[in-house]
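Here's a quick look at some side-chain contacts. Have the sequence and the 3D view open as you read.

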Amino acid sequence: PGAAASVRNAIQITGAQLTGDYGEGIRLARIGAEMTGPGVPRFAPFTALRLGGLFLAAQHDGGARAWLDKIPATSRPGAATALVITRLQVEGILGNWPAVLAGEAATEKSVLQRMPDLDPKLRFAVQLYPWVALAKARTGDLAGAEAVIGATPADCYDCVRALGVIADLAREPAR
C-alpha cells in the first residue's frame, strides 16, 4: 500500500507539473513529503519536497528558498546534486539572475565533487545551462548566453525555451 500511494502521489505531482497547476503541486508535495513506511521509496519524500520548492517559485513565492532549506541533509550523491541544482533553478524561476550567475561555478563544483563519474554535459546541459544562459541574457550578455545555450541539446525542452527568450531579447523573433 505504501508503494502504491507513493507512486500515485508522484504521478499526480508530475501531472501538476506538466499542466502548470502549481497550487495542486504544492498540496501534493506536502502529502508526498509526509509519506513514510513499508513500501515507500526512501527518496519519495525528498523528491516531493524538492519539487514543492520549484512549484512555489513558479508561483513567484520567495518562500521557495525557505521550503528548500527545510529539506534534511542527505548523504546520497544523486539527491544532494538534485538539490543544489534545484536551488539554482529556483533563483532563475524567481528572476534572480545575478544569483544564478554567482552560483553557477559553485553548483558545478558541488555536483562534480559528489558525482565525479558524472558526464557534466549530461546533467548540466539540460538542468543548469538553460538557466545560466537565461541569466546571461537577462543581464545583458547576449553573446555569453548564445555560447552557453549553443552547447545544449536540441531536444531539451528548457533549452529550446531559453533559446527562444534569448532570440527575443536579441530582437530576432524569426529565429
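Is cysteine 156 buried or exposed? Cysteine 156 is buried, with 7% relative accessible area. Keep in mind that this is a predicted model.

## The disulfide

Cysteine 156 pairs up with cysteine 159 in a disulfide, and their sulfur atoms sit 2.3 Å apart. A disulfide is a covalent bond between the sulfur atoms of two cysteines. Searching the whole structure turns up 1 disulfide.

On geometry, the link of cysteine 156 and cysteine 159 is right-handed, with 70° about the S-S bond. Cysteine 159 comes out at 1% relative accessibility, so it counts as buried, given that the cut-off is under 20%.

## Aromatic pairs

How many aromatic pairs does the structure hold? There are 2 aromatic pairs. One of them joins tyrosine 22 and phenylalanine 55: the pair is tilted, at 6.0 Å centre to centre with 40° between the planes. Tyrosine 22 belongs to helix H2 (residues 22–33) and phenylalanine 55 to helix H3 (residues 44–58), so this contact ties together parts that are 33 residues apart in sequence.

Technical notes. Residues are numbered from 1 along each chain as its sequence is written. This is a predicted model: local features need pLDDT of at least 70, side-chain atom pairs count only at pLDDT 80 or more; totals for chains, interfaces and linings use all residues. Side-chain values use heavy atoms; hydrogens and water are left out. A disulfide is a pair of cysteine sulfur atoms within 2.5 Å. Buried means under 20% relative accessible area, exposed over 50%, partly exposed in between (1.4 Å probe, protein chains only). Rings of Phe, Tyr and Trp (its six-membered ring) pair if their centres lie within 6.5 Å; planes under 30 degrees apart count as stacked, over 60 as edge-to-face and the rest as tilted. Helices (H or I, at least four residues) and strands (E, at least two) are DSSP runs, numbered from the N terminus.
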